[in-house]
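Take a look at the model below.

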Amino acid sequence: MEIALNELAKSIGLECKSTVIIENLATLKDARAKSLSFFHDRKYLDDLKATKAAAVILEKEYVKYLPKGVIALITNEPYKKMALATKLFAYKPYTDTFEPKLGEGSSISEHAYCGKGVVIGKNSTIMAGVFLGDGVSVGDNTIIYPNVTIYHGCIVGSHVTIHSGTVIGSDGFGFVSKDHSNTKFYQIGNVVIEDGVEIGANCTIDRATLGSTIIKSNAKLDNLIQIGHNCEVGDYSVIVSQVGLSGSTIVGKGVVIGGQCGTAGHLKIGDRAMLAARTGVTKSLEGGKIYGGFPAVEIKLWRKMQAALMRLVKSGKQ
Amino acid sequence: MEIALNELAKSIGLECKSTVIIENLATLKDARAKSLSFFHDRKYLDDLKATKAAAVILEKEYVKYLPKGVIALITNEPYKKMALATKLFAYKPYTDTFEPKLGEGSSISEHAYCGKGVVIGKNSTIMAGVFLGDGVSVGDNTIIYPNVTIYHGCIVGSHVTIHSGTVIGSDGFGFVSKDHSNTKFYQIGNVVIEDGVEIGANCTIDRATLGSTIIKSNAKLDNLIQIGHNCEVGDYSVIVSQVGLSGSTIVGKGVVIGGQCGTAGHLKIGDRAMLAARTGVTKSLEGGKIYGGFPAVEIKLWRKMQAALMRLVKSGKQ
Amino acid sequence: MEIALNELAKSIGLECKSTVIIENLATLKDARAKSLSFFHDRKYLDDLKATKAAAVILEKEYVKYLPKGVIALITNEPYKKMALATKLFAYKPYTDTFEPKLGEGSSISEHAYCGKGVVIGKNSTIMAGVFLGDGVSVGDNTIIYPNVTIYHGCIVGSHVTIHSGTVIGSDGFGFVSKDHSNTKFYQIGNVVIEDGVEIGANCTIDRATLGSTIIKSNAKLDNLIQIGHNCEVGDYSVIVSQVGLSGSTIVGKGVVIGGQCGTAGHLKIGDRAMLAARTGVTKSLEGGKIYGGFPAVEIKLWRKMQAALMRLVKSGKQ
């Protein structure tokens, strides 16, 4: 996709005279010479000051922070305008299927279906009912069980196992809600599943808004787990069934997350932290400790809270 | 389906001499001239007094409330007898597939499968592995991603997006449990997805027992969400991942429901209410307020409860 | 699979001179004349003393408890060594499909796919997109809705209904985590679904590690439910949506489990117990009582705890 900036601006209701060519959308941090980016939250001010984007959608008062040569698209609603821009770059699904490129020793069921340009490595097995979207790549010695769906552009490593019904690369949940309308922020990113990962049945791992959602090497996920857009799950981490990670949750290495836990978005869980089942994480947690409860606290404290409540009832003095 | 009332009555172990033809089963409110209905809960007494049904299954003491001309089928177990009647009207699945009627600009994968009488509007895209049951209709500009299942009789509007693995129109969870048996209440209704709705991956939206489960226009649902039979989700409402709505939950307009919330059945959530993640709703909630906790209370109160508990522990005086 | 014990031992880094033939892996209790078993937890000491296994992997200090004639494979890491052994017996997936053996009155969609040796009884209906793995058997009068996956070796009874997107027999979640590695304990067992069971949409029922995960007759499961490896759900029990049962949870007869409940593993829920929605079960529960809260207590107590907390806030004296 290539579009002149002035045309792009016009189509989202903004004005700009530059005819520089925009090739992609990116965060301030990831933006390159032909990227359009946006700034909508002061916590990204350092990224704004250092961005390599061709142009940035932002409010007037922040124009002064733009690096020299970066073009400003000025608006009071940068997030909504960026959402409108994503529509121009959104993937257009279609229904034709194509033959994948298959490495030595690999096999794909005649009842599995691929988009354009799918590449599968060596000794991998793709079973019936699997759908691999445009440009999906699968490594070596990987098993994809029946009825898995992997959307366009996602990358699956080697020695990976994905169980039935799991969906990888569906749209992250991004809507700009205002005045009784929900404007979709089209999800331009992808999902990367690194080597040695195992994912259970009926999980959902959303593609990134911009950039990648990443499941790092040797992480193990149980069934019915939700991984929001732009999450990272660290190496060797273990996530038990029915956990939900909200968008942009960053899970460190060797973390263990018990069943039915949930996290609010945009937070970090430090290396080797352990979360008891059903923990609800509302802010970042230091690594190396054990947590429980909702809101999450160190598990010893949570147990004291439960005990205190029990004594309160039994004492009859409230 | 047409059956004489006396035959129908006999097949469920009741007596009746009338040979009036029954064409469908319905709630007291929705019942029409050829409907059979039932009364099993005093909260529907006004509906009983005004019903237009041909006949009603009910206990003897309520016969006096029947409008003139409505036939009574008397029993001590009206709910169980209605459940037996639903079996007569239940859908019979089969395995043949048929060509759908396809509007201009629409395409359906040759690896998607349809029952009889499927109708798809203009510019819609139905991808591989999708199943559309008998009589399903899909509007214009709608995208159905791979491996979605939509059961017979469900209606999908225009500008709708449904992500992979989602199941629409599976049976609502209805069993009459008694004396070590679970009698199935066959689910005769359907699901209606209105225009502009987006539904994430691996959701389940159950068909109504009688009538329709409805997702209203421009509502947005994330992944792994359970919507029970006969629920309504209001216009522009937003539901985050892993939420469960029990049967007959009525969600108003512009409501926001955070991740992993749950509701008990047969309650209402008012317009523009907001539920923090993990809220457990046990009774109806007024609109325009923010709630949290389980059982749900206004979120300020819930925070005070958490703080009080924390102080109780720290004070050491319990 | 047949392998001489000395070869098997060598391949997992142990020593043994016996050339006795091992045909399968089993728990101490289920082991027979040609089984290899393992002992890693003192709570199974009685099983160790009575095992009929050909050989047992265990720590040196427990060798003295072995019945006469049973061969010891000695190690400091019996669980990890057994995990390595499971790899030898693990199922190897492939992509060819075969014709099932179909009973009178049954039909299978031409768009459903079977492994080798699938047997379907009378009057059953297998719809499009269904996958039945090697050796799956399905009884009479059973309906399997579109896009269900049933892995190799699982057994489905008669008068069973399984709704779309459900996955039966995916791997239980078994990894031996140590020193930044997760060694997979391959899941050798299966799933047995007894007569009269109904399972909702997008559920996941994991195969047993060794032995069977069992859903007993007339149990009814709603949608999006996780059943871990080696669980048993008793006759006539009812489980509402989004419940998660951890591995080896034993649910008695006629139990009712409300929506979004969860259980820790290796515990029992007694006959006719009732769990309110969202109950978190951390230890075994007696039958015939009603529970709620997390950790689960009798529901009356849980309500008192909530009320006490509320009074604490309102009194303002904390």
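This is a predicted model: local features need pLDDT of at least 70, side-chain atom pairs count only at pLDDT 80 or more; totals for chains, interfaces and linings use all residues.

Start with the symmetry. Two copies of a chain are related by a rotation about an axis and a shift along it.

Do the copies meet through the same surfaces or through different ones? Only 19% of the interface residues of chain A are also interface residues in chain B, so the copies meet through different surfaces.

Now turn to chains B and C. Their contact draws 37 residues from chain B and 39 residues from chain C. On the chain C side, β8 (107-108), β11 (125-126) and α4 (299-315) each supply at least two residues. The most come from α4(C), which gives 5 residues. By type, this side of chain C holds 16 nonpolar, 20 polar and 3 charged residues.

Next, find helix α4 in both chains. In chain B, α4 covers residues 299-315. It packs against α4(C) at an angle of about 90°, and the two axes are 9 Å apart. The angle makes α4(B) roughly perpendicular to α4(C).

Which residues meet here? From α4(B) come B:Leu301, B:Lys304, B:Met305, B:Ala308, B:Leu309 and B:Leu312. They meet C:Leu309, C:Met310, C:Leu312 and C:Val313 in α4(C). This helix contact has 9 nonpolar residues, no polar ones and 1 charged.

Note on methods
Residues are numbered from 1 along each chain as its sequence is written. Chains are lettered from A and ligands numbered from 1 in the order in which they are written. Two residues are in contact if their C-beta atoms, placed from the backbone, lie within 7 Å. Helices (H or I, at least four residues) and strands (E, at least two) are DSSP runs, numbered from the N terminus. Ala, Val, Leu, Ile, Met, Phe, Trp, Tyr, Cys and Pro count as nonpolar, Asp, Glu, Lys and Arg as charged, and the others, Gly among them, as polar. Axes are lines fitted to C-alpha atoms, for helices over the stretch in contact, and angles run from 0 to 180 degrees between N-to-C directions. Angles under 35 degrees count as roughly parallel, over 145 as roughly antiparallel, 65 to 115 as roughly perpendicular and the rest as oblique.
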